[in-house]
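Reader: I am new to this structure. Can you show me how to read it, one feature at a time?

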Amino acid sequence: MKKLYCFLFLLLSLSISAQIKVRVYDSRDEFRLQNAKLTTENNLTIGFTDEVGELTIADSIIVFNVESEGFIPQKVKRNQQALVEIFLEPSTISLGAVEFFANDSIARNYVRKVIKQQSKNSLKKSDSYFFQSYTKFWSTIEQDSLRLILNPKDKKDSSINNWRRFLNESHVFLSERAVDHKYSKRFGTKNIIKSSRISGLRTPIYELDAMQPVLINLDQSKFDFFFRGIVNPISNEGLGYYRYKIIEDFDYNGRATRIVGFTPIQRLNQRQLRGEFWIDEKSKALIKIIAENTDEQFYADFEAEWKLIENHWFPLYQIYRMESGYLGMDGIKIEVDKEDQDDTERLWIFHQVQFKNHSTPVQYKRNEFLGYSTEAAFETNTVEKAEEVMSQYRDQFTVKDTMTYVKMDSISQKYNLEDKLKLMRIIQKGGKVDLGKVDLDLTKLFSYNNYEGFRLGAAFNTNEKWSDKYSVNAYTAYGFKDQTFKFGFGGDYFVNKPYSGRIYGTYAQDVSASGHLPQLLQSNFTKFINGTVKNLYNDQYYSYKRYTIGYEQDIYRNVTFNVSMNYEKQNNEFTYQYENHEGWLDLYHTQLAVRWAPKDEYLRTPYGKVTVKQGQSVFYILANKYWTIGDSPFDAFRLNVNYSDIFETKLGKTKFNASVGAVFGEMSLMNLFEGMGNAKNKPVFKNFGIATAQNFETMLPGEFYSDRYASFQIKHIFAGIRFGQHVVLPQLVYRGILGTMSHKQNHQQFEFKSPNHYFHETGFEVNNILLKNFGIGVYYRLGAYSFPRFEDNLHLKLTFNLNLF
């Protein structure tokens, strides 16, 4: 079997080396063309060029065709070169009444001039400004579009008529939002959500309010169109994505204006826009854009305009409209005959933003910009004050709008929609459920590990309804295998609230896995997902009694730090002895934890900080200094740094995590770095178990310890494949760790290794097969620490990926 695998790997390496790279260019300006199609002589698809205009093909392909929308197809016969460069000649593209030519150099050069002026025309060039926005988001069917059944024959016909009457009087959904926008070149940006309302719900959803898009300037590479990124036609990225044409020059509001049309170079199977934008000739600023979707089977459009105020271009209005199919509810599908079908008979989604009360410059004080860039105004963003505040921002409100709140609120009470909203709020609060003035932490209810067995517990803390100045907390747990109660309690005193500052103190009497660092500055829910099952097969635990006092807050809006002083007593619960010490060890240490998420965006709510935009790059730093005070024998410094990121390409999504750590000085085994193994150490179904998020699946718990190490893991998730009613997510996994151990002679009565010869494993997972959450994974142990027998290196695991929706 092993020879067979070596032979297969040999064939794979040969096939990889025997490949040719093809690059496809636009012959006019030598821009590389993405998504150019390569086919064989028999018109079989070879593949498509990537975002840099490249595609790797097999060495056996000598003759092939290259085609791209807007260009003349070309037949290529290559020689023996390893790199083949192809230059396609442009053709003509038609769009409605406007004819676009591939040779659009005049219009393209004009767009380049507009792009160069974007920084000068940005509102950020002003010293300060203020304006207000009113957002209305609704889904509706136009009145009189649903005709009644004149002679209903049965209960179904009557039910359809009832829905049609309802929809002629009310929208399907409606929400509003009022925001004050502040900017100071000195202090930064501040968006204050003054009020918000959602039909059918009395509880404001602050996170949804913060995520609705508002364009200040259209000067980024992409802009949000119903929460999906669209390539901006007036950007450097857009130059490689669109064709342009100068349509007309005229006066608009007494200023010379030029209209430029744009259309995608290639039609792709994704949301794309075509349209026109208006440019002020003097400043080269964008003053209006009108666009529509290119898909004839799916209509969407977008319009926005800017207004010149005090030599600065402020947003005036934005309107988004999107077709959303037909309305189906309770098994009833409302539709019309094909010959009678038109746009007014479909369900539409609208998103409209109006701007008013523009002002520049504005005198601000520093304290007006404290905290995160977006926050809810707690004193006005309430159910009781919603109508009073909203009426000051909206220009008009129809009878149908008013009836939507009346009718949808009634439906919400009937079907208890408010209670169903609690699930979302539980997730946002890190697994905590609101029980009035107290929160119950669901993530602490149960867990399992090989030392405690099943662990049942309960954890509570007071919330903002109890007090907005302080919070107290307590927990208890019981392990059925070790037959021991654990408990802890503490309190927080809130200071520097704009930055989520708190002074805290805790006491805990509990157990922990040896060599595992605490998971600080993560949400409780993240800790639950990554940590609840990571010690399934680990029985190397130690008991501790820990006193902590510390301070935590955010700085620079994307950095969170925690500093604390700790005294604890530790006693190993497995066979181990540090030097000649017996019984409990005393430890005094100060700790600094830092989390930096440069792309995250936060929102301050009455119940704490929530993340409204999740970035992909996250850095963690944990530093501990141990002190020789009293009976403590340790004078060491421990440092651990972790970095995680996500990279998305056409081939799927790649998750990367790297971690390094070092201990300078001597330290007991419990406070060094364990290898994070998750393989079984019992003979029953030894190579079958449950996989975890970040552990080594073929390594035994406690098999490796280090005082200095570096590890990483790569997970590549391919595009989803439909499997019955579920979407299967194939995933490749590779992990590796390298480490050393000094003063190994200090650790007695316990056998372990250090991964100084590089331990690594690879695996393949197929997730979300069963019940949307469960899958299967196969993992193989490689390298210097692999076993002679193939079957001893191979592990089969059940995977779990939480999928709530």
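Reader: What share of the accessible surface belongs to carbon and sulfur atoms?

Author: This is a predicted model, and every value here is computed from it. The accessible surface of the protein comes to about 40500 Å². Carbon and sulfur atoms hold 55% of that surface.

Reader: How many of the residues count as buried?

Author: The protein has 805 residues, and 48% of them count as buried.

Reader: How many helices and strands are there?

Author: Eleven helices and 50 strands. Now look at contacts between residues at least 6 apart in sequence. Of these, 62% join residues at least 24 apart.

Reader: Which residues touch the most other members of the largest nonpolar core?

Author: The general idea comes first. In soluble globular proteins, nonpolar side chains tend to be buried together. Here, the largest nonpolar core has 37 residues. Tyr-244, Phe-277, Leu-286, Ile-289 and Phe-302 touch the most other members. Several elements each supply at least two residues of this core, among them helix α2 (105-116) and the strands β15 (242-252), β17 (273-280) and β18 (285-293). A second, separate core has 32 residues, including Ala-508, Leu-672, Phe-696 and Phe-752.

Reader: What does Ile-289 touch?

Author: Leave out residues up to four places away in sequence. Ile-289 then touches Leu-218, Pro-233, Phe-262, Glu-276, Phe-277, Phe-302, Glu-303, Ala-304 and Trp-306.

Reader: On to charges. How many salt bridges does a search of the whole structure find?

Author: Again, the idea first. Side chains of opposite charge can pair when their charged atoms come close. The search finds 40 salt bridges. Take Arg-23 and Glu-85, whose side chains meet at 3.8 Å, N to O. Arg-23 lies in strand β1 (residues 19-26) and Glu-85 in strand β7 (residues 83-88), so this pair ties together parts 62 residues apart in sequence.

Reader: Where do Lys-356 and Asp-395 lie?

Author: The side chains of Lys-356 and Asp-395 meet in a salt bridge, 3.8 Å from N to O. Lys-356 is in strand β23 (residues 348-359). Asp-395 is in the loop between α7 (386-390) and α8 (399-415). The two are 39 residues apart, and the pair links distant parts of the chain. Lys-356 is partly exposed at 23%, while Asp-395 is exposed at 56%.

Reader: How far apart are the closest N and O atoms of Glu-697 and Lys-797?

Author: They are 2.6 Å apart, in a salt bridge. Glu-697 sits in the loop between β42 (688-690) and β43 (705-706), and Lys-797 in strand β50 (residues 794-800), so the pair ties together parts 100 residues apart in sequence. Both Glu-697 and Lys-797 are buried.

Reader: Which residues are linked in a network of salt bridges?

Author: Glu-452, Arg-455, Asp-482, Lys-486 and Asp-510.

Reader: Which side chain of opposite charge is nearest to Arg-638?

Author: Glu-568, but Glu-568 is 7.3 Å away. Arg-638 is buried yet has no salt bridge. Find Arg-638 in strand β39 (residues 637-649). A polar atom of the Arg-638 side chain lies 3.0 Å from the backbone oxygen of Asn-671. Setting aside neighbours within four places in sequence, the contacts of Arg-638 include Leu-517, Pro-518, Tyr-626, Asn-671 and Phe-673.

Note on methods. Residues are numbered from 1 along each chain as its sequence is written. This is a predicted model: local features need pLDDT of at least 70, side-chain atom pairs count only at pLDDT 80 or more; totals for chains, interfaces and linings use all residues. Side-chain values use heavy atoms; hydrogens and water are left out. A nonpolar core is a set of buried Ala, Val, Leu, Ile, Met, Phe, Trp, Tyr and Cys residues joined through side-chain atoms within 4.5 Å. Buried means under 20% relative accessible area, exposed over 50%, partly exposed in between (1.4 Å probe, protein chains only). Helices (H or I, at least four residues) and strands (E, at least two) are DSSP runs, numbered from the N terminus. Contact means heavy atoms within 4.5 Å. A salt bridge is a side-chain nitrogen of Lys or Arg within 4 Å of a carboxyl oxygen of Asp or Glu. Lys and Arg count as positive and Asp and Glu as negative; His and the chain ends are not counted. A polar contact is a pair of N or O atoms within 3.5 Å; within protein, one must be able to donate a hydrogen and the other to accept it, and residues adjacent in sequence count only if both atoms are side-chain atoms. Accessible areas come from the Shrake-Rupley method with a 1.4 Å probe; for residues, only the protein chains shown count as cover.
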